[in-house]
Amino acid sequence: MDPLTHALASYTLKRAAFPRVARRATVAMLIAGTIADVDWLSAHLSPSAFLTFYRTYSHSLLAALLFSVLVTLPFLRRKSAATEKRTFLFSIFGDALAASILHLLMDLCQSAGVELFWPISTRRFALDWVAHVDLWMLGILLAGILLPMLSGLVTEEIGAKSKGPRGRVGASVALATMILYIGLRFVLHGNALAALESRTYRGESIRKIAAFAEPTSPFRWHGIVETESALHDVEIEAGVGASFDPDSAIASYKPESSAALEAARDTAVARRFLHVARFPKATVEKTPRGFHIVLRAFPYGRDAMAGPRVHAVIETDSSGKVLSEELAWDAISK
């Protein structure tokens, strides 16, 4: 999820669940709810660094705990009685941890994946329910924050007294609506997968499928189907009674197996890339020295707003011996 959506979600959570916390605690929650995206800075270092850090260490449960401790540390200097200070610190830590966990849960609902259980496991978890920038979710959160503000101005203008903390009801409704919206996405995602799974593609059975969310409509999904010889890219409508034609899928055929391709897949950079890429697609070109092999994440242009993409480039001689290997930026996404 983009940083703006995370910041709005953290602020909405603060208003709904912790409406009476001090302003400094609100700042702590906002930092805790967005700081995991610091891994984005790795894109300014190198493709290798980006592949290593993006959605890995900082998007784990351990990191959420550490970030919550980090934003609590400045409050240790607060002067108060020991019991009161301890209670206050635990309150700040709990608020920050809630915002950090919310960040992970929102990113878990996307397709990029997060390493929740690092360092115990480097497995990535991705539910594919929402897009990287979801316009509907942004609208829900903005409405939950801005509409109560406007209502409060009107209330003050007519001299009425507000009941309870300002904005709490609006924030609570926004959070509940967001949960219902994600639930709708979950149901429609299942419908999209079922539609994909019920077809055959160019006469071949399915090996692997996925349905990725589109940012503008919960009823439109981007389907990827892997068969024995190809990867198929297809648009799906997941509403009631919706259907699609599998023949409309754009097929991208896999290269034939060869010693050079097998050697390329066994390189260190390829293994790192394949650990992240859910639908890797290889291209093999003959060169004067041997073969030029590129491993990309298919489909190449999907979800460009999610950021830069990395591919693996391997050069081999005619016998399949690896001459060079590197991770590079994909020009399509840069």
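Is Val69 buried, partly exposed or exposed? In this predicted model, Val69 counts as partly exposed, because its relative accessibility is 37%, a value that falls between the 20% limit for buried residues and the 50% limit for exposed ones.

**View 1. A nonpolar surface patch that includes Val69.** Val69 lies in helix H4, and together with Leu62, Leu65, Leu66, Leu70, Leu73 and Leu76 this valine forms a nonpolar patch on the surface. The accessible area of these residues, taken together, is about 580 Å².

**View 2. The cis peptide bond between Trp118 and Pro119.** The peptide bond that joins Trp118 to Pro119 is cis, with an omega of about 5 degrees. Pro119 has its place in the loop between helix H5 (82-108) and helix H6 (135-158).

**View 3. Asp128, a residue of the loop between H5 and H6.** The backbone of Asp128 has a phi near 70 degrees, a positive value in a residue that is not glycine. With a relative accessibility of 5%, Asp128 counts as buried.

Conventions: Residues are numbered from 1 along each chain as its sequence is written. This is a predicted model: local features need pLDDT of at least 70, side-chain atom pairs count only at pLDDT 80 or more; totals for chains, interfaces and linings use all residues. Side-chain values use heavy atoms; hydrogens and water are left out. Helices (H or I, at least four residues) and strands (E, at least two) are DSSP runs, numbered from the N terminus. Buried means under 20% relative accessible area, exposed over 50%, partly exposed in between (1.4 Å probe, protein chains only). Patches are made of residues with over 30% relative accessible area and no salt bridge: like charges are joined within 9 Å, nonpolar side chains (Val, Leu, Ile, Met, Phe, Trp, Tyr) within 5 Å. Accessible areas come from the Shrake-Rupley method with a 1.4 Å probe; for residues, only the protein chains shown count as cover. A salt bridge is a side-chain nitrogen of Lys or Arg within 4 Å of a carboxyl oxygen of Asp or Glu.
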